[in-house]
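Let's sit down with a two-chain model and learn to read it feature by feature. Have the sequence and the picture open as we talk.

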Amino acid sequence: MDCVATGGNVKVLAKAVHSLSRIGEDLYLEPLDDGLTLRTVNSSRSAFACFLLSPLFFQKFHVSHGRGFRCKMPIKSVQAVFRSLSSLERTVEKCHIELNSEKSRLTFTLHCKHGLLKTHNLSFQDCESLQAVFDKERCANVLQAQPRLLVDTVLHFPPSLEEVKASVTADRLLLKNHVENDADQAKAMRTELCLSSEEFLHFSVSAPTSITFCLKELRVSDGVLVFAESTDLPVSMHFDEPGSPVVLSVTDSVLEANFVLATLSEDSHCNHDNGHKKRPRTPPPADDFMCDDMDSYLIAMETSEMAGPSSRTEPRSSSEREQEEEQRPHSKKFCSFFFGSVLPTSSQTANQTLQNQDVLASDSEDEQ
Amino acid sequence: MPLSTRSQDGDEGCVLAAALDNVRNLSNILKAISFKDHAVFTATRDGLKVTVEDSKCLQANAFIQTDVFQEFALREESVGFQVNLTVLLDCLAIFGCSSAPGVSTALRMCYNGYGYPLTLYLEEGGVVTVCKINTQEPEEPIDFDFCSTNVTNKVILQSESLKEAFSELDMTSEVLQITMSPSQPFFRLSTFGNSGNAHYDYPKDSDMMELFQCTKTQTNRYKMSLLKSSTKALALSCKASVRTDSRGFLSLQYLVRSDDGQICFVEYYCCPDEEVDEE
């Protein structure tokens, strides 16, 4: 791979890396014919983010490697290349990214003002592709707004707050903090915020619903909001029923960013569950979200050696799931995920749902 | 000048008496070299030199010229003493480190000679604090024998560009490698960290390069932990001179211009880490 970004696009690239760094520890980089993808997932697998920078984003974009080359590296080391966003704009004129698979080196060369040349040779590891299973097109509800609206909305919630519940009806979005049980309810401070559909650029709710997700993750995705704001692009929010992920995305002609956050699946909504979660499961104690309910947050991620037509993931047996859950190093309070990785053919774009073959017991990090 | 910092009783016995209207610039410079507790002060007719050393491999010298002081009286050819620099800095900041305009701490510094404490009279807004810091036997500073006739390579850069590089240096790298050469890559800073290596190349015709005198290609490594302490002085400076001699010893000189236009120098000497095979 050999590509060159110039001028303002270097800053966009840097911002993409910085916003990804707020989510995950590793950056998964995959050059495809239709652009360069940068992806990451958080340690509890409840948030995933992906940037696709199209060939037109770059002044020069050339993928010379055989299909299916991909690598990962600590995101911190890439962040170090773009350490100061403010000085970047002033000083960097051109950024050259070159992949040398023989030496296992990813080279970032920044051509700066005054002829200063900064070269970073980063080592990387081979890895499988990382892809969350989500399908924006199938989501029943789509909201689109200027990022400032969402940034301002999030600001109203106290920093200590963990979960926020978003309810949509045909003409409004109601956000409130998620209160865990009756005992707390008397003491807890409640914050409710109602946004009328007029505030949005686009407001299409075909299935009124309530979803609950980690506010922290939404804050993390400030990355995408700030990113959207700086590029002056609206943010779209795609979501379905509880349990299926909410997708925040920013798209323009040369790039696409998707931030996928897991949502809490509630028992009352079990009957709404889609094909992801057909398997039977034991309901957690009512209203007790303190329990380690593995199903409550779900981002399905999968592995596939073969690319198939876009289709839903086949549900796995519950024993497989339990096995996977046991192997998880630590289970964060009501966050739970399917996780795997995908090996798509290069013709497939980042967001396509793939037919899975064997779902790996854990993510691709163990595969090297 | 505030009255209180003028001649005090008992000044007669001073072998060194120096006064400053505003202690801030002195504080800043001393802070920049306060990577070790002990500092040797040497006063000569030219001014005050403050020396701090680390691991017998790094020496920092701050030069505060006589002109910087409103008063600088020396009774002997040269006066030397050692004090705890951290304590001295605490005393200088005894009225707080406010940088608000119009608020300044004035200093009068007296030393009565061997065995006497260093006495500081600090005044701000009519309040005077007297601090006495015990002095220590001055240790003989290391002579790095860095002689300008042995200098093989020398560059002078505007600090701005060097600051950026130093602020971005990969601190997981144990060494900073400096390459100076009459041909490509001219002046290169390299690090070798956990995530890979990084090079910063300055071409000799860069606007940032004020002087480029390299006669021979030289690549030397210096301990990052040692050079890191020089970044504080770099941050204060406006120009930097980087020199290496035939043995690979490094001299960094920073020109610090204070708000009122006065000039001080901070200089670092550093031993090379090890022999490097040139690639």
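This is a predicted model: local features need pLDDT of at least 70, side-chain atom pairs count only at pLDDT 80 or more; totals for chains, interfaces and linings use all residues.

Q: How many residues of chain A and chain B are in contact?

A: Contact means heavy atoms within 4.5 Å. Here 14 residues of chain A are in contact with 17 residues of chain B. For chain A and chain B that comes to about 1,500 Å², with 44% of it on carbon and sulfur atoms. On the chain A side, R83(A), H114(A) and L116(A) supply 37% of the area buried against chain B, more than any other three residues.

Q: Which interactions cross the interface of chain A and chain B?

A: Start with the general idea: side chains of opposite charge can pair when their charged atoms come close. The rule for a salt bridge asks for a side-chain nitrogen of Lys or Arg within 4 Å of a carboxyl oxygen of Asp or Glu. It finds two across the interface of chain A and chain B. One of them joins K118(A) to E168(B), with the closest N and O atoms 3.1 Å apart.

A polar contact is a pair of N or O atoms within 3.5 Å; within protein, one must be able to donate a hydrogen and the other to accept it, and residues adjacent in sequence count only if both atoms are side-chain atoms. Nine residue pairs across the interface are in polar contact, both residues being at pLDDT 80 or more. Strand β9 (residues 117-123) of chain A gives the largest share of the side of chain A that touches chain B, seven residues.

Q: What does β9(A) pair with?

A: Strands of a sheet pair through backbone hydrogen bonds, either parallel or antiparallel. Helices (H or I, at least four residues) and strands (E, at least two) are DSSP runs, numbered from the N terminus, and two strands pair if DSSP finds at least two bridges between them. β9(A) pairs with strand β13 (residues 196-202) of chain B in the antiparallel sense, over six bridges. For example, N121(A) has N197(B) as its bridge partner in β13(B).

Q: What is the strand order of the open sheet of nine strands?

A: Follow it as β5(A)-β1(A)-β7(A)-β8(A)-β9(A)-β13(B)-β12(B)-β11(B)-β15(B), with antiparallel pairing. β5 (60-62) of chain A and β15 (218-223) of chain B stand at the edges with a single partner strand each, so one side of each is left without a neighbour in the sheet. From one strand to the next, the twist averages 15°; axes are lines fitted to C-alpha atoms, for helices over the stretch in contact, and angles run from 0 to 180 degrees between N-to-C directions.

Q: Which helix lies across β9 of chain A?

A: That's helix α3 (residues 159-168) of chain B, which also lies across β11 (175-180), β12 (187-193) and β13 of chain B. Its direction is at about 175° to β13(B).

Q: Where is the cis peptide bond?

A: Look at the bond from Q184(B) to P185(B), with omega near 0°. P185(B) sits in the loop between β11 and β12 of chain B.

Q: What about phi of R45(A)?

A: Phi there is near 60°, a positive value in a residue other than glycine. R45(A) is in the loop between β3 (35-41) and β4 (47-53) of chain A.

Conventions. Residues are numbered from 1 along each chain as its sequence is written. Chains are lettered from A and ligands numbered from 1 in the order in which they are written. Side-chain values use heavy atoms; hydrogens and water are left out. Buried area is the accessible area (1.4 Å probe) that two parts lose on being put together, summed over both.
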